[in-house]
Amino acid sequence: MADRVSLLAVGLSLGLLTLLLLALLWFCLWRRKKDQSLYQELPSPVPSVPSCSAPVIQVSQCSWTTPSEIPFTLPPRFTTQTRGEVKTEEEEEVEMKMETQRDILAHRGSLSVRSLYPGGTVLAGLYSVPPLKEVVAPPPGMATRLCFSVEYRHSGEQLMVTLFRLGNVPPRFHGNITLVELRLLPDDRRPRQAKARGTGPDPEFNDCFIFQVSGVCVPRSILSVCVLSVEQNGKRHAVGRVLLPLEGELGRAGRVLWRDLETEDDTQCSELGDVQISLSYSPTLQRLSVVVLRARGLQLLTDTGVCVQVSLQIHTQVVKMKRSCAVTGEADPHFNHRMTCKLRVQHLDEACLSFQLQQPTDIPSEPPVLLGVLVLGPFMYARGQQLQHWMDMVNTPQEPVRLWHGLSRAT
């Protein structure tokens with residue numbers, strides 16, 4: 001008797017479990033069907049235009065002729081029919097939604113230009129944009145110039161730099177691609193690039209760059225703009241650069257600036273003379289290579305010759321120093337003096353290079369006469385082109401960066 005009761009209980013439990021599974025399956029199917037009924041395909045936002053209707057004007061990025069008048073129309077408005085029966089607010093709301101949906105689906109595929117409500121015409125001539133060359137015409141002269149604008153927004157602490165165009169690019173660069181690299185010294189290590197839209201003597205950019213910089217750091221920042229010409233094989237040539245200190249240039253927000261590019265060919269000798277330096281740094285080897293190539297315009301006092309002394313400093317400690325042999329008989333001597341030293345990556349912002357051009361005296365016991373000094377390094381030690389030369393060396397590892405620098409008096 002007990003066995004029969006147990007078998008009956010097992011059978012009932014299995015039956016109830018089967019019914020529960022069937023009910024759960026039916027509920028899932030019913031829920032899926034209900035969800036599918038809620039999501040119906042919306043009508044296409046682009047109306048189909050029959051062949052007998054008026055043409056539709058499409059705006060694209062290609063060049064096209066602007067008509068004198070452009071028709072301005074409004075989309076049709078779908079309304080529901082009123083019923084005479086008295087219904088509750090909930091029933092009326094549900095019925096209005098259902099009728100509006102039926103009206104939309106009924107109009108689907110049948111919208112045309114004629115079914116739109118005319119609102120008038122727009123005169124396209126009133127909104128024509130003049131060419132960029134007329135807006136920012138270059139000043140007279142044959143120098144290569146860069147047109148850009150600088151604006152600082154104090155609310156968002158954003159520096160906005162807009163590049164417009166170049167003017168009077170040298171003829172040998174007319175067929176190449178023009179690139180512009182922007183850095184905000186001394187913090188930016190990686191430059192931001194802009195590519196010109198076209199070639200020729202006056203390529204255009206129309207690019208805007210945003211630098212996130214605090215208002216306290218703006219007066220001590222320098223905007224560096226380097227213009228490069230790239231051949232088809234990828235070889236780059238430096239067209240020139242612009243160094244803009246931001247301390248006194250943010251008085252008028254958004255004004256258009258024209259600045260001449262500084263090139264090695266156009267650089268005039270300083271009062272004490274110039275020296276050409278080549279810098280190269282290898283992060284993998286942690287090695288700094290310095291080459292003093294030549295000098296020009298030196299104010300020599302005697303015919304005893306001239307030598308150059310190079311020293312690497314970290315803060316106030318001299319790590320390495322090397323002096324070249326005296327070169328005699330030339331006002332523009334060629335040194336080709338090389339010095340390599342070990343320098344860790346973490347010391348790039350703490351080290352500097354000091355160059356001293358000296359002229360030995362006739363008496364060996366007397367110290368040499370100092371003709372001029374030069375310091376290359378990060379923002380802690382240098383500004384302007386000297387700072388830019390150091391940053392270019394850091395940003396282009398294992399590539400020599402060669403520039404001319406003017407000598408200054410020893411302090």
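This report describes the fold, the salt bridges and one surface patch of a predicted model.

## Basis and overall fold

In this predicted model, local features need pLDDT of at least 70 and side-chain atom pairs count only at pLDDT 80 or more, while totals for chains, interfaces and linings use all residues. Residues are numbered from 1 along each chain as its sequence is written, and side-chain values use heavy atoms, with hydrogens and water left out.

The protein chain has four helices and 18 strands, which are DSSP runs (helices H or I, at least four residues; strands E, at least two) numbered from the N terminus. Of its 411 residues, 34% count as buried, where buried means under 20% relative accessible area, exposed over 50%, and partly exposed in between (1.4 Å probe, protein chains only).

## Salt bridges

The whole structure holds eight salt bridges, each a side-chain nitrogen of Lys or Arg within 4 Å of a carboxyl oxygen of Asp or Glu. One of them joins Arg-183 and Asp-392 at 3.1 Å, N to O; Arg-183 lies in strand 5 and Asp-392 in helix 4, 209 residues apart. Both of these residues are buried, and they belong to a network of salt bridges that also includes Glu-181 and Arg-241.

Arg-409 forms a salt bridge with Glu-271, with the closest N and O atoms 3.1 Å apart. Arg-409 lies in the segment after strand 18 and Glu-271 in the loop between strand 10 and strand 11, so the pair ties together parts 138 residues apart in sequence. Both Arg-409 and Glu-271 are exposed.

## A nonpolar patch

Leu-24, Trp-26, Phe-27 and Trp-30 make a nonpolar surface patch of about 480 Å². Patches are made of residues with over 30% relative accessible area and no salt bridge, with like charges joined within 9 Å and nonpolar side chains (Val, Leu, Ile, Met, Phe, Trp, Tyr) within 5 Å; accessible areas come from the Shrake-Rupley method with a 1.4 Å probe, and for residues only the protein chains shown count as cover. Trp-30 is found in helix 1 (residues 2–38) and is partly exposed, with a relative accessible area of 41%.
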